[in-house]
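Take a moment to look over the structure before reading on. We will start with the whole and then move to its parts.

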Amino acid sequence: MTDEGYGSPDLSIVLSEIARTLQAEPDVDTTLAAIVKAAVDHVAGAEYAGIALIAKGGGVRTVAPTDHLVATIDEIQHRTNQGPALDAIAEHHVYRTGDLTEEDRWPVFSPETARTGIRSVLSYRLFVTDTTLGALNLYSRARDAFSDRTEADGALFATHAAIALVGAQTEAQLHTAVENRDTIGMAKGILMQRHDLRPVEAFRLLVEYSQRTNTKLHEVAAWLVEHRREL
């Protein structure tokens, strides 16, 4: 993509195609891999990409890097507690650098990352409404790889990617909920058959055991289904 493509119908077509592609992906991990590949393919100047997601309980985990170099850079950010991805997540801004050898915002991160050969970095906060999901990070070995125009193009893509990511996570959660419901239903059926119980009574037994053992209800049900022949 060239700078002439900024704000053009061509970019809208690309984003629409990406949306249709991501809708067809079967799980969150595959969706993330598609997002970073599309970022490298369609954001001018980007050679490598990765997504840093906010982990449960705090911290950041790196997923779907297009190259091992991305994981190396993110490890440097984690270890030094400095870097554009961390600032994009914390400060809710886009962070761009043209040459890490001359960058003083991250005095430890910048020179160490520059030794990997990376010069330009572009990090976007991934968010929907007020919820921050993480950051989309683009890297290049070239100096001044990202212009104002390509930064704007990438911002559109990052917003698009965040929406796709939320959709994938929601679908995965729904899929898990359906699986859990089916497992609980099977466990109720086992208890009803073996102990001549009504559905409500079988469910109450599962709940009571879950509370007594401090085990999640779907885990109790899964254990019962798995060991039904041994009981």
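A word on the source. This is a predicted model, where local features need pLDDT of at least 70, side-chain atom pairs count only at pLDDT 80 or more, and totals for chains, interfaces and linings use all residues. Residues are numbered from 1 along each chain as its sequence is written, and side-chain values use heavy atoms, with hydrogens and water left out.

Now the overall plan. The protein has 8 helices and 5 strands. Both are DSSP runs numbered from the N terminus: helices (H or I) have at least four residues, strands (E) at least two. Along the sequence the pattern reads α-α-β-β-α-α-β-α-β-β-α-α-α. Of the 231 residues, 39% count as buried. Buried means under 20% relative accessible area, exposed means over 50%, and partly exposed lies in between (1.4 Å probe, protein chains only).

Go to helix H8, residues 217-226. Here Val-220, Ala-221, Leu-224 and Val-225 are buried. They cover an arc of only 135° around the axis, so they sit on the same side of H8. That arc is taken from the directions from the helix axis to the C-beta atoms.

What does H8 pack with? Its partner is helix H7, residues 199-213, at an angle of about 110° with the axes 9 Å apart. Axes are lines fitted to C-alpha atoms, for helices over the stretch in contact, and angles run from 0 to 180 degrees between N-to-C directions. H7 and H8 are therefore roughly perpendicular, a term for angles of 65 to 115 degrees. From H7, Phe-203, Leu-206, Val-207, Tyr-209 and Ser-210 meet Leu-217, Val-220 and Leu-224 of H8.

Next, two single residues. Ala-114 lies in helix H5, residues 109-114. Is Ala-114 buried or exposed? Its relative accessibility is 10%, so Ala-114 counts as buried. Beyond its neighbours within four places in sequence, Ala-114 is in contact (heavy atoms within 4.5 Å) with Leu-100, Thr-101 and Arg-119.

Val-60 belongs to strand E2, residues 60-63. Val-60 is partly exposed, because its relative accessible area is 32%. Val-60 and Gly-134 are 74 residues apart in sequence and 7.7 Å apart in space, C-alpha to C-alpha.

Conventions: Angles under 35 degrees count as roughly parallel, over 145 as roughly antiparallel, 65 to 115 as roughly perpendicular and the rest as oblique.
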